[in-house]
Amino acid sequence: MKYKMLAFLLCLGWSVSAQVTAEDVVETLKSEVTVDWRSKTVDTFKAGNPKTEVKGIATTFMATMDVLKKAKAKGLNFVIAHEPTFYSHLDDMKIHAGDPIQEEKLKFIQENDMVVFRFHDHIHATNPDQIYEGVVAKLDWAQYQNPGERTFTIPENSLKDIVADIEKKFKARTVRVVGDPEAQFSKVGLALGAAGSGRHFEMLANPNCELLIVGESNEWETVPYVLDAEELGYNKALIILGHADSEEAGMDYFANWLKQFYPSIPIEFIPAKNPLWRN
């Protein structure tokens, strides 16, 4: 009888909205990524009650206090961040137990009925990798991508002009560069975030990558390698974009992807932005 009544109400144009919890949203992520959900992963709830009803969702690179306050002001009580919330890769709160910064941040989340979840491992592992998709879209390089690779054959330009274009598109303030500013490049590779020097060397060995753009780099590994390559006459260069600037656009992409599953819930990307600056 109740189902007939529901059908009748729907026919009359009534809408029936079911409560969606943070836990429900994560279950959607688990079912919609193209890989099996790992048993060991950093993609877990970091604070708040997973059974909290979702009023709105904020996606961000990192759930800093600034981002949390902006999310609260917008009525977005479920924050999905790409990077840690509590100052270590595993968000091990024992490391900073009793620290007033950690305690006040946690208190803010709890008192405002907010929930924080990290989406890192599986957003990279799914196909396509949404972090890269967002960054490539921001670069406007999709048409230049080599099939099956994170390399691009862009119109040839000087290193300094390529850097200037990236700084403009990303509003980046702390880009660092290794290489001759006047050297010409068309073969570019991406190794975003903290991919590690092993990945950097793998990319630089690819004939389709002469200029490598990374998020972070150990200054005693990839950097001197590129310096030596340049000195030996190889056309190589390195752009260190910074971790935040190299991945944040992916969480904007993710927000738009998530909207298809929850069209009636406000979903908004809130930039954490690169925290570093220079005079």
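I call a residue buried under 20% relative accessible area, exposed over 50% and partly exposed in between (1.4 Å probe, protein chains only). The model is predicted, so I note that local features need pLDDT of at least 70 and side-chain atom pairs 80 or more, while totals for chains, interfaces and linings use all residues. Numbering runs from 1 along each chain as its sequence is written, and side-chain values use heavy atoms, without hydrogens or water.

Entry 1, salt bridges. I count a side-chain nitrogen of Lys or Arg within 4 Å of a carboxyl oxygen of Asp or Glu. My search of the whole structure gave 14. In one of them, Asp91 pairs with Lys46, with closest N and O atoms 3.6 Å apart. Asp91 sits in the loop between β3 and α4 and Lys46 in strand β1, so the pair ties together parts 45 residues apart in sequence. (Helices are DSSP runs of H or I, at least four residues; strands are runs of E, at least two; both are numbered from the N terminus.) Asp91 is buried at 8%, and Lys46 is buried at 12%.

I found Glu247 in helix α10 (residues 243-259).
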